[in-house]
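Have the model open while you read.

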Amino acid sequence: PHMFLARYLIVLAPAYFLGLALGLAALGKRWRVLQALGLTFVVVMTAYSLKTYYHDGVKSQYGSMIEELRAGERDGDVILLNSPWQSILFRHYYDGDAPMYPLPNKLPPGDDPPPLTSEEAGHVLYTLRGLYPRLWLLLADTEISDPENLAERWLAQNAYPAFKRWYANN
């Protein structure tokens, strides 16, 4: 779950390591061999988790997705973000001039938006299709914002899908 991602728990790291150090120090007052084994275990497990984190983990390829968009975009394109949360990440990677439009186009503060409805998807996509010759639909984190894939389905039925590619974690 998102609430247990490392970036949210990092604030607990100082307390965790202080408690670990105090525990190992207290253990060393009575049993030096047990302290050495505990310290070795902590070092080995930390090294293993760092190796896994930096080399074996599946990283997001959002940056690669934006690079491909930049290579293929033309004047007059519009970019649809099928999740309002994407806009922050998108602005971090994207430095082009194409207009961006989030779907659904509402994000109440501190609350999840209501899922995209077929009426909203149809209205917005029909309007944008009339205004722009090419639409880029970026799908990421759509479990809440568009669980039924309404935007993708509407475009598949009412436009020509010229390009489709999947990226890890996007």
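## What counts as a pocket

A pocket here is an open set of grid points, on a 1 Å grid, where a 1.4 Å probe fits and protein lies on both sides within 12 Å along at least five of seven lines. Keep in mind that this is a predicted model.

## The second largest pocket

The second largest pocket holds about 810 Å³ of space. There are 26 residues in its lining, and those closest to the centre are Leu135, Trp136, Leu137, Ala162 and Phe163.

Which elements give two or more residues to this lining? They are helix H4 (62-72), strand S3 (134-138) and helix H7 (150-158). By residue type, the lining of the second largest pocket splits into 18 nonpolar, 6 charged and 2 polar.

## The sheet

S3 also belongs to an open sheet of 3 strands, ordered S2-S1-S3 and paired in parallel. Strand S2 (100-102) and S3 sit at the edges with a single partner strand each, so one side of each has no neighbour in the sheet. On average, neighbouring strands are turned by 25° against each other, direction ignored.

Zoom in on the pairing of strand S1 (residues 77-81) with S3: the two run parallel and share 5 bridges. Aspartate 77 is found opposite arginine 134 of S3.

## A helix on the sheet

What does H4 touch when it packs on the sheet? Its contacts there are S1 and S3, and the direction of H4 makes about 175° with that of S3. Both H4 and S3 turn up in the lining of the second largest pocket too.

Key:
Residues numbered from 1 in each chain as written. Predicted model: local features only at pLDDT ≥ 70, side-chain atom pairs only at ≥ 80, totals over all residues. Heavy atoms only, no water. 1 Å grid on protein atoms, 1.4 Å probe; cavity = no way out; pocket = protein on both sides within 12 Å on 5 of 7 lines; lining within 4 Å. Points joined across faces, edges and corners; volume = space filled by probe spheres on them. Helix = DSSP H or I, 4+ residues; strand = E, 2+ residues; numbered from the N terminus. Nonpolar A, V, L, I, M, F, W, Y, C, P; charged D, E, K, R; others polar. Pairing = 2+ DSSP bridges. Axes fitted to C-alpha atoms, helices over the stretch in contact; angles between N-to-C directions. Contact = heavy atoms within 4.5 Å.
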